[in-house]
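Trainee: I have a new structure to look at, and I would like to learn how to read its features. Could you guide me?

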Amino acid sequence: MRTGRITRAVAAASALAVVASGCSFDGLNSLPLPGTVGTGSGAVHYQVQIANIGTLESNSPVMVNDVVVGAVGKMVVDDWRAHVDLSVRPDVVVPANAVATVGQTSLLGSMHLALDPPVGEQPTGRLPAGATIPVDRTSTYPSTEQTLSSLAVVVNGGGLTHIGGIIDNFSAALDGRQGQIRDLVTRMNKVVGLLDNQHHNIIASISELERLAGTFAGEREVLADALDRIPQALEVLNEQRPRITTALQKLGHFSDTATQLITDSQADIVRNLENLAPTVRALADVGPDLATALAYLPTYPYTQEFIDRGIRGDFMNQFIVFDFTISRLKSGLMLGTRWGEPNASLVPAPGDPWYSTYTRDPLNAPLTPMPEDVATIPPLVEAPAAAVPAVAAPAAEGGQP
């Protein structure tokens, strides 16, 4: 009796579930299980679009910050994407920048869906109720089966079995060459250190190369025009090749002649250079004075230092007196010649220190002493009387002489 009642109750519950699900039944796991987190009244629902849900099923837990806060609801496929309904407790704050990730709780555990901000970012805002997380913000971790299959491929067909042979051959290659390998590693360490010390210069060189490439890119039309003209220039050179060859041959003959000339005149050239050595040495000795004289020549009669100190502008007023008197020439320009006279009496010119005290007034001139030898006065000689012709007296008026 009791067994029949239980059977009838189970059948009635199953029939009621089929009717409630629209005459379709996807298994007991498709029905909301009592006691599931986030499925009560007031739960907040979200939509998630996932390209691959793996083995995720309805009623799988929804986790935020590794804490179960809800459950996975109905899942449908549309346009090769899984549309998953989520229900979360109303007191849970799902970040607005949350991404949906399908993962596995443990190696052999169940699947879950995590709603966490991206790695390295802080949670911001709150995801509004009914919002949809698009497929570009969802991902799926590799399952245990995928991990094991990938590992099997690496171990069996990925060449892992050849590592032992590679290690043996590498050891055989290094056997007996430890010193050379150590020296090589030391040199490589130095090279790497030098490169590290010069990385600023290397970066600067790369930047300059980039700037040069930019310049070439900006002059692309000019370069293209030049490249178009180069074949024409090569054709001209090809046409002139016989003349160029003849010119080079003549240049070779000239070189041979010049070499023979230098060889024959080597002794004379050496002798001339030896004779020229004293002159060059004398020029070298007067080099500093020569530089001063050359610097003074374009500014004669003033030095550059005087011009810098005396002229404060672009012009200068000047009063010049040229004295070409014989006494001045004898005491100046003609000194050292037969006409020179160091003690010549000079008439002061404007600018001489004694010019202001000099005077031409003979009253103020100093007295000249009487000379010792005075010439005698010649005697006065009387001239002889000359015959005076008689002069006739004038005749009386109207008379005869």
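**Reading a loop, a sheet and some salt bridges**

Mentor: Gladly! Let us begin with Asp91, which sits in the loop between strand 4 (81-88) and strand 5 (99-104). Keep in mind that this is a predicted model.

Trainee: Is Asp91 buried or exposed?

Mentor: Asp91 has a relative accessible area of 55%, so this residue counts as exposed, the cut-off being over 50%.

Trainee: Now the strands. In what order do the eight strands of the open sheet run?

Mentor: First, the general idea: strands of a sheet pair through backbone hydrogen bonds, in a parallel or an antiparallel way. Here the order is 7-1-4-3-2-6-5-8, and the pairing is mixed. At the edges are strand 7 (132-133) and strand 8 (138-140), each pairing on one side only.

Trainee: In which sense do strand 2 and strand 3 pair?

Mentor: Strand 2 (residues 61-64) and strand 3 (residues 67-78) are antiparallel, with four bridges between them. To find your place in this pair, look for Pro61, which stands opposite Ala71 in strand 3.

Trainee: How many salt bridges does the structure hold?

Mentor: The general idea is that side chains of opposite charge can pair when their charged atoms come close. This structure has six salt bridges. One of them joins the side chains of Glu208 and Arg211, at 2.9 Å from N to O.

Trainee: Where do Glu208 and Arg211 lie along the helix?

Mentor: Both belong to helix 5 (residues 199-218); because they are three residues apart, about one helical turn separates them. Glu208 is partly exposed at 43% relative accessible area, while Arg211 is exposed at 56%.

Trainee: What about Asp225 and Arg229 in helix 6?

Mentor: Their side chains form a salt bridge too, with 3.4 Å from N to O. In helix 6 (residues 220-239) they are four residues apart, about one turn of the helix. Asp225 is partly exposed, with 36% relative accessibility, and Arg229 is exposed, with a relative accessible area of 54%.

Trainee: Which residue does Arg328 meet in a salt bridge?

Mentor: The partner of Arg328 is Asp323, at 2.8 Å from N to O. Arg328 has 19% relative accessibility and so counts as buried, the cut-off being under 20%. Asp323, at 22%, counts as partly exposed.

Note on methods. Residues numbered from 1 in each chain as written. Predicted model: local features only at pLDDT ≥ 70, side-chain atom pairs only at ≥ 80, totals over all residues. Heavy atoms only, no water. Salt bridge = Lys/Arg side-chain N within 4 Å of Asp/Glu carboxyl O. Helix = DSSP H or I, 4+ residues; strand = E, 2+ residues; numbered from the N terminus. Buried < 20%, exposed > 50% of the residue type's maximum accessible area, 1.4 Å probe, protein only. Pairing = 2+ DSSP bridges.
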